[in-house]
Amino acid sequence: MTNYRVAVIPGDGIGPEVVKEAVHVLELLEKLDPSFQMEFAAFDWNSEYFLVNGKMMPEDALDTLKNYDAILFGAIGDKRVPDDVTVWELIMPIRKRFNQYINLRPVKLLKGVPGRYQGETIDFAIVRENAEGEYSNSGGRLYPGTEQEMAIQNTVITRTGTKKVARFAFDYAKKHGKSTVTSATKSNAIVHSMKLWDEAVKEVGKEFPAVQLQSYYIDALAAYFVMRPEELDVVVASNLFGDILSDLGAAIVGGLGLSPSANLNPEGEFPSMFEPVHGSAPDIAGKGIANPIAQIWSAALMLEHLGRKDLADVILAAIERVLVQKQVRTPDLGGSATTMDMGSAIREAIQLLLLVKEGQS
Ligand code: ATP
């Protein structure tokens with residue numbers, strides 16, 4: 001029997017509400033499938049922890065997390081704590097220390113999701129560079145508070161970093177039977193860093209003759225996302241471009257409540273972290289109406305990363321089944337179901353699907 005050790009960080013706002021449902025799904029699978037076991041350890045590192053302790057997590061937090069196979073993360077953000085504190089003192093240290101240089105965001109339109117793209121086949125992935133790029137804290141401000149005040153924020157694009165993310169994107173395309181990789185660039189205006197990005201992506205593309213590379217300026221690509229999303233296979237983008245495209249991608253397939261993500265250390269030297277694209281949603285926190293699908297799907301990505309794609313597929317099929325049946329829908333999907341209603345409907349569907357699978361074998 002395989003034993004997976006999972007660190008759980010529910011975070012703020014709706015984070016704990018949706019994480020609870022994801023953990024219930026994992027517990028159910030563990031109960032139904034005797035081939036694996038999961039050991040969960042929950043950590044209360046969030047804004048409340050910061051207000052009490054003056055820091056987002058303990059000094060030895062990263063050493064503690066290092067011992068786990070994966071991290072299931074909810075969401076972080078609270079109006080009592082500045083966003084740059086929650087981001088730079090919790091999420092960024094985890095991503096950086098554990099070399100989670102890939103942020104993978106599937107953009108898949110599930111059956112039964114209402115919206116203007118209903119009935120279309122949209123199924124692509126955004127591979128976002130997660131360790132450098134525009135989100136470096138290199139820079140500074142001069143002459144603060146004066147009319148001469150200036151700010152410089154440096155973008156860090158390296159040949160090695162770009163090649164690593166490009167290689168992941170091409171490899172992902174190859175493994176998933178996809179024929180194109182689309183690179184997001186702006187080398188006509190950002191002539192130093194983005195030109196290096198283009199060169200490095202192109203160089204890696206040569207190693208994958210069966211996958212075609214296409215390069216689009218970010219503004220044109222944003223329009224492409226809206227006009228022809230069904231033509232996209234794998235999109236590779238720098239940190240900022242990937243961040244923006246991810247929310248756009250989420251919007252075309254039903255919104256933030258349906259969008260998962262994975263922060264990956266592909267080499268497996270450190271734990272990878274799985275979290276929904278959405279934030280802590282303070283406007284609906286505490287009401288019990290957040291859609292838990294993004295979080296449950298993130299848990300599915302975690303299972304896939306841990307080598308159990310079969311179980312990840314069952315979760316996704318169960319989510320789709322519930323959406324198609326249209327009986328249980330949270331308010332973001334036009335219904336009145338609660339977070340717990342959605343969680344239990346998905347668990348029921350999992351049970352049913354596994355029974356059918358068992359009957360077939
Ligand atoms: P952050 O800065 O942490 O990203 P935010 O409020 O800008 O916070 P989100 O927390 O992602 O961004 O929320 C954006 C909008 O999407 C909010 O109106 C929120 O209620 C909605 N939303 C986010 N996640 C969900 C969810 N799981 N279910 C339903 N609605 C959601």
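**Reading charges and rings**

Author: Let's open with a network of salt bridges that links Arg-159, Lys-163, Glu-199 and Glu-203. A salt bridge here is a side-chain nitrogen of Lys or Arg within 4 Å of a carboxyl oxygen of Asp or Glu. Keep in mind that this is a predicted model, where local features need pLDDT of at least 70, side-chain atom pairs count only at pLDDT 80 or more, and totals for chains, interfaces and linings use all residues. Residues are numbered from 1 along each chain as its sequence is written, and side-chain values use heavy atoms, with hydrogens and water left out.

Reader: How many salt bridges does the structure hold?

Author: The general idea is that side chains of opposite charge can pair when their charged atoms come close. The structure holds 21 salt bridges. One of them joins Glu-199 and Arg-159 at 3.3 Å, N to O. Glu-199 sits in helix H6 (residues 193-205) and Arg-159 in helix H5 (residues 159-175), so the pair ties together parts 40 residues apart in sequence. Helices are DSSP runs of H or I with at least four residues, strands are runs of E with at least two, and both are numbered from the N terminus.

Reader: Which residues does helix H10 separate by about one helical turn?

Author: Asp-313 and Lys-309, which are four residues apart in helix H10 (residues 309-325). They form a salt bridge whose closest N and O atoms are 3.1 Å apart.

Reader: Arg-80 and Asp-78 form a salt bridge too; is Asp-78 buried or exposed?

Author: First the scale: buried is under 20% relative accessible area, exposed is over 50%, and partly exposed is in between (1.4 Å probe, protein chains only). Asp-78 counts as buried because its relative accessibility is 18%, while Arg-80, at 47%, counts as partly exposed. Their closest N and O atoms are 2.9 Å apart.

Reader: And the rings: how many aromatic pairs are there?

Author: Rings of Phe, Tyr and Trp (its six-membered ring) pair if their centres lie within 6.5 Å; planes under 30 degrees apart are stacked, over 60 edge-to-face, and the rest tilted. The structure holds eight such pairs. Among them, Phe-124 and Phe-225 are edge-to-face, 5.2 Å centre to centre with 85 degrees between the planes.

Reader: Which charged residue lies over the face of Tyr-68?

Author: A charge sits over a ring if NZ of Lys or CZ of Arg is within 6 Å of the ring centre and within 35 degrees of the ring normal. For Tyr-68 that's Arg-5, at 4.5 Å from the ring centre. Tyr-68 also forms one aromatic cluster with Phe-43 and Trp-45.
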